[in-house]
Amino acid sequence: AAGLPVLENLGLFVENELTFPVRPTTGAVLYIHDIEMRSKDGKPIDFAAVESSFEQAFAAIWTGRAENDGFNALILKLGMSWREAALVRALSRYRQQTVLDPSPAVQEQALCDHPEIVRLILGLFRVRFSPELLEPVNEREVWAKQIEAQIDKALEAVVSLDADRVLRRIARLVSNILRTNFYQHGVDGAPKPYMSFKIASRDLEDLPAPKPYREIWVSSPDVEGVHLR
């Protein structure tokens with residue numbers, strides 16, 4: 001079924017599927033898919049806690065608002081929204097286009113293997129940019145520095161060099177983003193279909209020369225690109 005790759009990328013393993021045809025009075029034939037699943041890694045899932053995130057993510061992927069890849073496994077593993085998974089994907093894709101970072105598969109695995117660090121990175125992003133926080137800028141800066149120190153401490157326990165590289169560079173990227181539209185909504189009240197980030201590229205380590213002063217990174221399911229690289 002077309003939905004199976006979506007479920008598998010969400011970190012699920014399909015053990016059994018039954019299909020039942022339904023014939024409403026309109027004459028069109030519809031199908032109900034009864035699917036038995038478990039987590040891909042065999043670990044329990046608190047589905048009551050992630051049910052809403054799962055349903056919204058499946059709908060977003062099915063309708064093309066979100067991409068269908070391994071980054072979506074973070075949704076059930078961390079209980080995050082599909083938009084937060086899309087944010088992590090966008091940050092990883094920026095790093096990937098530098099041609100200096102590990103492959104997307106390695107990035108996905110590193111993020112899934114270290115959910116506590118991903119939570120800290122998302123927390124850092126929220127502290128720096130969320131309009132819902134009422135703290136003034138100077139207090140946010142102190143808060144952000146504290147989270148950066150927590151990330152550095154957590155990275156000490158990461159054994160894999162590739163995983164350390166993935167997580168450390170994404171965290172540094174968040175610290176060097178100047179502005180973003182992530183929290184903006186369109187006229188319909190829904191999040192904008194694309195994400196953009198103004199990045200202080202010259203302050204980032206591990207970027208190929210020549211480093212521009214600033215870059216704008218844009219990411220969406222339809223197109224992605226960087227201005228001034």
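This is a predicted model: local features need pLDDT of at least 70, side-chain atom pairs count only at pLDDT 80 or more; totals for chains, interfaces and linings use all residues.
The salt bridges are taken up at the outset. Side chains of opposite charge can pair when their charged atoms come close. In the model, the count comes to 15 salt bridges. One of them joins Asp 69 to Arg 89, with the closest N and O atoms 2.8 Å apart. This pair links distant parts of the chain, since Asp 69 is placed in the loop between α2 (47–62) and α3 (73–78), whereas Arg 89 belongs to helix α4 (residues 82–96), 20 residues apart. Both partners, Asp 69 and Arg 89, are buried. Asp 69 also forms a salt bridge with Arg 93, for which the closest N and O atoms are 3.3 Å apart. Because Asp 69 lies in the loop between α2 and α3 while Arg 93 lies in helix α4, this pair ties together parts that are 24 residues apart in sequence. The relative accessibility of Asp 69 is 13%, so that Asp 69 falls under the 20% limit and counts as buried. Arg 93, by contrast, has a relative accessibility of 21% and therefore counts as partly exposed.

With a relative accessible area of 18%, Glu 148 is buried, whereas Lys 145 is exposed, its relative accessible area being 58%. Elsewhere, salt bridges that share partners join Glu 67, Asp 69, Arg 89, Arg 93 and Glu 224 into one network.

Helix packing was examined for helix α6 (residues 115–129) and helix α8 (residues 161–175), which pack at an angle of about 5° with their axes 9 Å apart. Since angles under 35 degrees count as roughly parallel, α6 and α8 are therefore roughly parallel to each other. On the α6 side the contact includes Ile 117, Ile 121, Leu 124 and Phe 125, together with Arg 128 and Phe 129, and these residues meet Leu 167, Ile 170, Ala 171, Val 174 and Ser 175 in α8. By residue class, the contact of α6 with α8 comprises nine nonpolar residues, one polar residue and one charged residue.

The strands β3, β4, β5 and β6 form, in the order β3-β4-β5-β6, an open sheet of four strands with antiparallel pairing. Its edges are formed by β3 (177–180) and β6 (224–227), each of which pairs on one side only. On average, and with direction ignored, neighbouring strands of this sheet are turned by 20° against each other. Strand β3 is joined by three bridges to strand β4 (residues 195–199), and the two run antiparallel. Within this pairing, Arg 179 has Lys 198 in β4 as its bridge partner. Helix α6 packs on the sheet, where α6 touches β3 and β4, and the direction of α6 makes about 70° with that of β3.

Asp 164 is buried, with a relative accessible area of 14%. When its neighbours within four places in sequence are left aside, Asp 164 is in contact with Leu 155 and Val 158. Between Asp 164 and Leu 111, which are 53 residues apart in sequence, the C-alpha to C-alpha distance is 10.0 Å.

Key
Residues are numbered from 1 along each chain as its sequence is written. Side-chain values use heavy atoms; hydrogens and water are left out. A salt bridge is a side-chain nitrogen of Lys or Arg within 4 Å of a carboxyl oxygen of Asp or Glu. Buried means under 20% relative accessible area, exposed over 50%, partly exposed in between (1.4 Å probe, protein chains only). Axes are lines fitted to C-alpha atoms, for helices over the stretch in contact, and angles run from 0 to 180 degrees between N-to-C directions. Angles under 35 degrees count as roughly parallel, over 145 as roughly antiparallel, 65 to 115 as roughly perpendicular and the rest as oblique. Contact means heavy atoms within 4.5 Å. Ala, Val, Leu, Ile, Met, Phe, Trp, Tyr, Cys and Pro count as nonpolar, Asp, Glu, Lys and Arg as charged, and the others, Gly among them, as polar. Two strands pair if DSSP finds at least two bridges between them.
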